[in-house]
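Please open the model in your viewer and keep the selection tool at hand. The tour below moves from one selection to the next and says what is found at each stop.

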Amino acid sequence: MKPEKENKGEPASRKIGNMNKPAHLSKPRRYALLGSMLVFIVLILVWWQAGIWYEDQLLDELEAQEIASLTLHGKALSGAIEHRLYILEGLAAFVLFNPSEDALEQNFEGFASNLYSGTEGVLYFTVAPAGVQQYIYPDAYENILKNSLTDDHKLQSDIQRAIQTEQVILSGPHGMQENNLSMVAIRAIYIDNTLWGFATMGFDVPFIFSEAGLDLPDHPNIAIRDAEGHVFYGDEAIFERNPVVQPIEIANNYWELAVLPEEGHATIEDRVLIFRGTGLIIILLLTLLAYLTINRQTRLSLEVRERTEELSKVNKEIMAANEMKDLFTDIMRHDLLNPANIIRGYTDVLLNMEDEDKKVKSLETIKRNNEKLINMIESAARFSKLESVEEIEFEKLDIVSVFREVIDNFRPQIEEKQMSIEFKPSGKYLTLANPVIEEVFANLLSNAIKYSPDEEKIIIDIRDYGEKWKVSITDFGVGIPDEDKPKLFERFKRVDKSGVKGTGLGLAIVKRIIDLHDGKVGVEDNPAGKGSVFWVTLNKA
């Protein structure tokens, strides 16, 4: 019976051990699930706020575009009406020189015909001695002849203002249908300080609006109301839906031009949807990455603790590796918005702590490539800002003083390579430039140092170039092949130089800055036989 008991005991022991192992391995999964859920919650909150911010930014941009467009339309409308008011002033001046009945009978039609044919949108001209419209052009409106302006209830208040102010007064718009609106401009005429009568002009409001670009198919949400709040163009409901409003003052009239920027809302919704969808996919990927990373790290930590003392050395190395991985995980989790700078800081810390050559070399490689990434980001940002600038402010600068300061800044690199600088200019060379010109000289001098062998010299010269100064930097390096010169000042274009670091943006930045200074930049072979001559031109002060 004993052998049977012993045989049964062994499988029982193995069974218990196998049962413990899944329970043991479930800990990493629990930790990973908890950690990834925390990461997911934090990222979801950030994602939601970022979506709200992005939508607000798009709405602000759309509103700014509508305000700019509305301002242009408002100015165009004001200008179109003001132009026609000047025409009426011309008619009033004509009457002052021809006030007699005979003169008007002989000359009015010809003069009014010239005004009418030269100005679109005008309906008619009338002259009303003593307030009675006796002369009209064209004849199509002869039905208003002999009408007294002072008896027209629509015009009575405006007639009184014209008499009091002795200025052109706008009356209207008249007509309640959007496609049948007209305005009347009234000018009181005084002869020897006595009211002689009136000159009037009617013009077609829809035509004026069309000339100002207000009845375009892509502007269905425009409305206009007068100072009394009467909407005479467009839908009255537009003013109740929080529109963008542009005030317009024309002669004695005050209008409000309103627009609803609804056209771009659909586009904004699509862009926000894409933004949120992309962000959600990134969140899910980051959450999965957090889960896998935490799960893996936890499993490694538990396995390391179960190692025997015989593997203590290996155990310490694994623990150190786990600590480094945990540190990397913390960096990813706590500073996702600024990873490059975090990597830079912790790489320096680890380099000071680590003694093993292989690891030191790996850390130096990480640092070198991260610094290259940071430099490229900074160069790209500077180049992007320069590309968006069309004009910069200039001041009087002395090229010699600026260049000497640049040379002082590069003194350590010059001394390290045991190079010499031959600075030919003397005196002052005044130019109209922006202080950013220092970056041009710094880039060119830096390249000359990097691409020149040790113990060589660099020649800096400034020459008279008509209305400009020509600044040149000559090096005695390996030179640049002719086929590479045309693309040298393009973005991310670099001549292959083994062992020389760079982003390929330095000379592109130089060209952009010189372009902003209305100058030129170029490169030539060094006449001495080796090396290159880089030059730029700047305007004289």
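Predicted model: local features only at pLDDT ≥ 70, side-chain atom pairs only at ≥ 80, totals over all residues.

Select isoleucine 52, which is partly exposed with a relative accessible area of 32%; here buried means under 20% relative accessible area, exposed means over 50% and partly exposed is in between, with a 1.4 Å probe and protein chains only. Isoleucine 52 is found in helix 1 (residues 2-97), where helices (H or I, at least four residues) and strands (E, at least two) are DSSP runs, numbered from the N terminus.

Residues are numbered from 1 along each chain as its sequence is written, and side-chain values use heavy atoms, with hydrogens and water left out.

Now show the whole chain, which has 12 helices and 16 strands, and in which 40% of the 541 residues count as buried.

Next, select helix 2 (residues 101-117), whose 17 residues should span 24 Å at 1.5 Å a residue, in agreement with the 24 Å between its end C-alpha atoms; the expected span is 1.5 Å times one less than the number of residues. Within helix 2, look for a kink of about 45° centred on asparagine 107, the bend at a residue being the angle between axes fitted to the seven residues ending there and the seven starting there. The buried residues of helix 2 include Ala103, Leu104 and Phe108.

Move on to alanine 130, which lies in the loop between strand 1 (122-129) and strand 2. Alanine 130 has a positive phi of about 60° although it is not a glycine, and at 71% relative accessibility it counts as exposed. Then select tyrosine 137 and proline 138, which are joined by a cis peptide bond with omega of about 5°; proline 138 sits in the loop between strand 2 (135-137) and helix 3 (156-165).

The lining has seven nonpolar, one polar and one charged residues, and strand 10 (395-398), helix 9 (399-409), strand 12 (430-433) and helix 11 (437-450) each supply at least two of its residues.

Stay with helix 11 and select asparagine 443, which is found there and is buried, with a relative accessible area of 19%. Leaving aside residues up to four places away in sequence, asparagine 443 touches Gly506, Ile509 and Val510, where contact means heavy atoms within 4.5 Å.

Finally, select helix 12 (residues 506-516), which is largely enclosed by the rest of the structure, because nine of its 11 residues are buried. One of the residues of helix 12 is isoleucine 513, which counts as buried at 1% relative accessibility. The C-alpha atoms of isoleucine 513 and valine 440 are separated by 7.2 Å, although the two residues are 73 apart along the chain. Just after helix 12, end the tour at aspartate 518, which takes a positive phi of about 60°.

Key. Nonpolar A, V, L, I, M, F, W, Y, C, P; charged D, E, K, R; others polar.
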